[in-house]
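Keep the viewer open as you read.

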Amino acid sequence: MRIVLLGAPGSGKGTQSKLLIEKYNIPQISTGDLLRAAVAAGSDLGRKAKAAMDAGQLVSDDVVLGMIQERLSKPDARAGFILDGFPRNIPQAQALDAMLARLSQPLQLALLVDVDTEVLMKRITGRRTCSNAACGAIYNIYFSAPKSPGKCDKCGSNLAHRSDDNENTVRSRLQVYEQQTAPLVTYYKAQGKLRTVRGTGSVNEIFKNVTDIIEVQMRPLAAAMSAAQAAAAKNAPPKPAKKPAAAKAAAKPAAKPAAKKPAAKKPAPKKAKKKAAPKPKKKAVKKAAPKKAKKPAKKPAAKKPAKKKSAPKAKKKK
Ligand SMILES: [Zn+2]
């Protein structure tokens, strides 16, 4: 399952994410972790990220997406992943979709863990933590109050209230979240990928609802879609003689005369309807075409399997 998790601070989506990781044996991809790891490893993207951060700037979406893409190429992400904390806005969501389309691994589910604002307020502002670091017990004055106010049940130490958990701060945090997330909810709803689970009740009840969504709704849908794609691939062999051979093999030997255009589309053979080709095509044209012959140059240029990378992966799709 390829999942984007949406949910406010205090919604409990982190807990649900952990349970999903265990049940489906898929990794959670957190952009914060990726950034730290890339910076520590000193990779290309890590250096770019560090330069931005050192300059007090946001790390660009391109860099973040590059990190996500690298992460997705690891074997443990083959069966899916959970993205948490990304995307945060529509341009990021679009860029993510484009990248996943190139990998033929489109998102399958945008899961919103929905909790009323007033409940979120109580969850966050009511939080109290044992000041004894060795204990660290957590309470909530509304939902799981200590037996004697302000004192830890376990060790008797005073309970502390984080200063940024006060009502005004929390309310503005939730507003920011709301502003960011509402457009994403609309975006994924329009794609038919949004499912909402009520984030109230016991952790297990919520998780039961989450897995029902996955097993009963999303998985059959995903299976039907890949079956349809597979069928389409089989039933449509007019030019696909090359198709089975994979892009590399096919693109070159492919007849120069007729097959030029299809070759350029390789990344999205038939399975994925999205055409990821346009960008690379342009680049290829610029480089390859001297000057005068823009149009004639296009075809030969397009033939170059600029897309080598994405095409082979397309086959591995699950
Ligand atoms: Zn304690």
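Predicted model: local features only at pLDDT ≥ 70, side-chain atom pairs only at ≥ 80, totals over all residues.

Start with Arg162 and Asp165, whose side chains meet in a salt bridge at 3.9 Å, N to O.

## Two bridges across the sequence

The count of salt bridges comes to 15. Side chains of opposite charge can pair when their charged atoms come close. Two more pairs are worth a click.

One of them is Asp114 with Arg198, a salt bridge of 3.7 Å, N to O. Asp114 sits in strand β4 (residues 109-114) and Arg198 in strand β8 (residues 194-198), so this contact ties together parts that lie 84 residues apart in sequence. Both ends have some surface: Asp114 is partly exposed at 28% relative accessibility, and Arg198 is partly exposed at 39%.

The other is Glu118 with Arg171, where the side chains meet at 3.3 Å, N to O. Here helices are involved: Glu118 belongs to α6 (residues 117-125) and Arg171 to α7 (residues 167-190), so the pair ties together parts 53 residues apart in sequence. Glu118 is partly exposed, with 46% relative accessibility, and Arg171 is partly exposed too, with 28%.

## The zinc site

Which residues hold the zinc ion? The protein donors are the SG atoms of Cys130, Cys135, Cys152 and Cys155, lying 2.3 Å from the metal. Angles between the four donor atoms run from 96 to 115°, and that's why the arrangement is tetrahedral: the rule asks for all angles between 85 and 135 degrees.

Along the chain, the donor residues follow the spacing C-x4-C-x16-C-x2-C. Cys130 is in strand β5 (residues 127-130), while Cys152 is in the loop between β6 (138-140) and β7 (159-160), so the pair links distant parts of the chain, 22 residues apart. Cys130 and Cys152 are both buried.

## A nonpolar patch

For a bit of greasy surface, look at Ile141, Tyr142 and Phe143, which make a nonpolar surface patch of about 310 Å². Ile141 is found in the loop between β6 and β7. With a relative accessible area of 37%, Ile141 is partly exposed.

The peptide bond from Phe86 to Pro87 is cis, its omega near 0°. Pro87 is in the loop between β3 (81-84) and α5 (90-102).

Asn25 has a phi of about 55° and is placed in the loop between α1 (13-24) and β2 (28-30). Ser104 has a phi near 55° and lies in the loop between α5 and β4.

Where do they stand on burial? Asn25, at 63% relative accessibility, counts as exposed, whereas Ser104, with a relative accessible area of 4%, is buried.

Notes
Residues numbered from 1 in each chain as written. Heavy atoms only, no water. Donors = N, O, S within 2.8 Å, 3.2 Å for Na, K, Ca; no water. Tetrahedral: all angles 85-135°; square planar, octahedral: opposite > 155°, others 65-115°. Helix = DSSP H or I, 4+ residues; strand = E, 2+ residues; numbered from the N terminus. Buried < 20%, exposed > 50% of the residue type's maximum accessible area, 1.4 Å probe, protein only. Patch = residues over 30% accessible without salt bridge, like charges linked within 9 Å, V, L, I, M, F, W, Y side chains within 5 Å. Areas by Shrake-Rupley, 256 points an atom, 1.4 Å probe, with all protein chains shown as cover. Salt bridge = Lys/Arg side-chain N within 4 Å of Asp/Glu carboxyl O.
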